[in-house]
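Subject: Structure handover

Hello,

Here is the structure we spoke about. My notes follow below it.

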Amino acid sequence: MNGVIFQAGDQKYKPFFEITSPLAKEYAKKINCDYKLFISKGPTNRHPSWGKIYALRDLLLEFDWALLLDGDALIINHNINITKCLKTKHHIYACSDGVGKKPWNFNSGVMLFKSSMLTKHFAKNIINTKFTEFYFNRNWEQNAMHNEIKENYPLYKDKIKIHNSNFFNHDSRFIYHPVFGEGFSDSDKIEVLKSKARSA
């Protein structure tokens, strides 16, 4: 299968990409897939985090699967092959955000997608959300994703797999994407990621 790992963000995220992108590139090479980094992908009338959804929409037309990584998501174990997850009936794979077991209680910072009519529809509908408050109100595109699944639950209920919180997100030993609480500056976050990268 022809796959891609990708990250997207604006210029402010470049210090994060300087840490996370090299390890993502190495991992992509190891599992024989492409890696793409998009700076300022998407329109300027939305929060920069929306860039990853515009990138996802386009990449699902080109690749069989796509792994979405936030700029502060760090692949620290290159011995796990993410493509093994694709051997199920599901089309969307994510990790729980720890607040419930509904199929929309997930974190959008690390997600795996099979390219299908369903996931292409998913990306398109998120971009075209009628809830414009998601353009800039936190949690931006994640709220649009959750809303899309809530409003169309019968369509997605058997096609989305929510793994436990640390399976390939949050405090995972595979893809580290921590939840930084109040009071963490970008420089604090960068130091944490640098430390993790050094020990990877």
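The largest pocket is lined by 33 residues, and Y13, D70, D72, R138 and W140 lie nearest its centre. A pocket here is an open set of points on a 1 Å grid over the protein atoms alone, where a 1.4 Å probe fits, with protein on both sides within 12 Å along at least five of seven lines; lining residues have an atom within 4 Å of a point. Strand 1 (3–9), strand 6 (106–114), helix 4 (141–151) and helix 6 (186–199) each give two or more residues to the lining. Helices (H or I, at least four residues) and strands (E, at least two) are DSSP runs, numbered from the N terminus.

This is a predicted model: local features need pLDDT of at least 70, side-chain atom pairs count only at pLDDT 80 or more, and totals for chains, interfaces and linings use all residues. Residues are numbered from 1 along each chain as its sequence is written, and side-chain values use heavy atoms, without hydrogens and water.

Now the backbone. The R138 to N139 peptide bond is cis, with omega near 15°. N139 sits in the loop between helix 3 and helix 4.

Two residues other than glycine have positive phi: N32, near 65°, and H170, near 55°. N32 is in the loop between helix 1 (14–30) and strand 2 (34–39). H170 belongs to strand 8 (residues 170–171). N32 counts as exposed, at 69% relative accessibility; H170 counts as buried, at 7%. Buried means under 20% relative accessible area and exposed over 50%, with partly exposed in between (1.4 Å probe, protein chains only).

Best wishes
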